[in-house]
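Dear colleague,

Please find below the structure that I am handing over to you. My findings follow it.

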Amino acid sequence: MSILFVLLTFLLVISITYFRRGTGNVAVQVKEPNAWARPAAPRISKEQGFDIPKGYCFHPGHTWVLDEGRQNARIGIDSFASSLIGKIERIEVVGLNRWVRQGQKLMSITTEGLTVDLLSPIEGVITSVNHEAIKNPELTTKDPYRDGWICVVKSPELSTNLKNLVTGTLVAPWMQNSLGHVRSLAQTLAPALAQDGGMPVSGLLAQLDPGSQRKLIHEFFLT
């Protein structure tokens, strides 16, 4: 009888320990950000004629990053790039679970037979791709900072990478400089397409001769 009592007591202690551990695990569980959800609508400020989304950081090659916490960052192309490229026919990301370095090729965009490589603004592993934008590339042109996002990257060195990007009050002057530069090049390469203000002529890149295309791609996308 005493042996049975000891066994029952032992089983009771094991059961209590098991359920306490289970409850503890549930209590500390933290959900990862939803990689498939679109980012929240950004706060847009009008600066020097540009719509600048607050909290976004920009690579000099005209891709953007939005830090979503827990080393996750959403990436897309900015409005300057989408205007310069114009109608996007196809978007190809280098691949899921692929490690990319900051400044390395992240995606290719095709327009009217011309393919443009764009660089990764940060370093990390590609954890998800926006299949809606892949199926309907027009989203990237219509809404580059929200529905048109391209992928999510898990970046252990995100805070360090962001220091190499254009942020805050520097964004508007940088955009203005890019616009001034493209106007100057357009006057030289294609005077009929030059303009006085606003974003570049939509699809300007595809309207140039191959040599001029290569020059603009190198100047603005750094590839």
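Of the 223 residues of the chain, 41% count as buried, where buried means under 20% relative accessible area, exposed over 50%, and partly exposed in between (1.4 Å probe, protein chains only). Please note that this is a predicted model, in which local features need pLDDT of at least 70 and side-chain atom pairs count only at pLDDT 80 or more, while totals for chains, interfaces and linings use all residues. Residues are numbered from 1 along each chain as its sequence is written, and side-chain values use heavy atoms, with hydrogens and water left out.

The secondary structure of the chain comprises 7 helices and 11 strands; these are DSSP runs numbered from the N terminus, with helices being H or I of at least four residues and strands E of at least two. Among contacts in the chain with a separation of 6 or more, 63% are made by residues 24 or more positions apart, a contact being heavy atoms within 4.5 Å.

Helix α6

Helix α6 covers residues 171-189, and its 19 residues should span 27 Å at 1.5 Å a residue; the end C-alpha atoms are 26 Å apart, which agrees. The expected span is 1.5 Å times one less than the number of residues in the helix. The buried residues of α6 are Val171, Ala172, Trp174, Met175, Ser178, Leu179, Val182, Leu185 and Ala186. Seen down the axis of α6, these buried residues fall within an arc of 160 degrees, so they line one face of the helix. The arc is that of the directions from the helix axis to the C-beta atoms. On the face of α6 turned away from the buried side are the exposed residues Asn177 and Thr188.

Helix α7

Helix α7 has 12 residues and reaches 16 Å from its first C-alpha to its last, close to the 16 Å expected at 1.5 Å a residue. Ser212, Gln213, Leu216, Ile217, Phe220 and Phe221 are buried in α7. Viewed down the axis of α7, its buried residues fall within an arc of 135 degrees, so they line one face of the helix. These buried residues pack against α2 (79-85), β9 and α6, whereas the face of α7 turned away from the buried side carries the exposed residues Arg214 and His218.

The pairing of α6 and α7

Two packed helices are described by the angle between their axes and the distance between the axes. The axes of α6 and α7 (residues 210-221) come within 12 Å and cross at roughly 165 degrees. Here axes are lines fitted to C-alpha atoms, for helices over the stretch in contact, and angles run from 0 to 180 degrees between N-to-C directions. The two helices α6 and α7 are therefore roughly antiparallel to each other, since angles over 145 degrees count as roughly antiparallel, under 35 as roughly parallel, 65 to 115 as roughly perpendicular and the rest as oblique. The crossing of α6 and α7 is right-handed; a crossing is right-handed if the near helix is turned clockwise from the far one by less than a right angle, and left-handed if anticlockwise. In this pairing, Ser178, His181, Val182, Leu185 and Leu189 of α6 meet Ser212, Lys215, Leu216, Glu219 and Phe220 of α7.

The loop between β3 and β4

Glycine 61 is placed in the loop between β3 and β4 and counts as buried at 1% relative accessibility. Leaving aside neighbours within four places in sequence, glycine 61 is in contact with Leu118, Phe220, Phe221 and Leu222. Its C-alpha atom is separated by 8.1 Å from that of proline 121, which lies 60 residues apart along the chain.

Histidine 62 lies in the loop between β3 (56-58) and β4 (63-67). Histidine 62 counts as buried at 1% relative accessibility, and its phi is near 70 degrees, a positive value in a residue other than glycine.

Exposed loop residues

Glutamate 112 also has a positive phi, of about 50 degrees, although it is not a glycine. Glutamate 112 is found in the loop between β8 (105-111) and β9 (114-119) and counts as exposed at 58% relative accessibility.

Lysine 163 has its place in the loop between α5 and α6 and, at 71% relative accessibility, counts as exposed. Lysine 163 and cysteine 57 are 106 residues apart in sequence and 9.3 Å apart in space, C-alpha to C-alpha.

Yours sincerely
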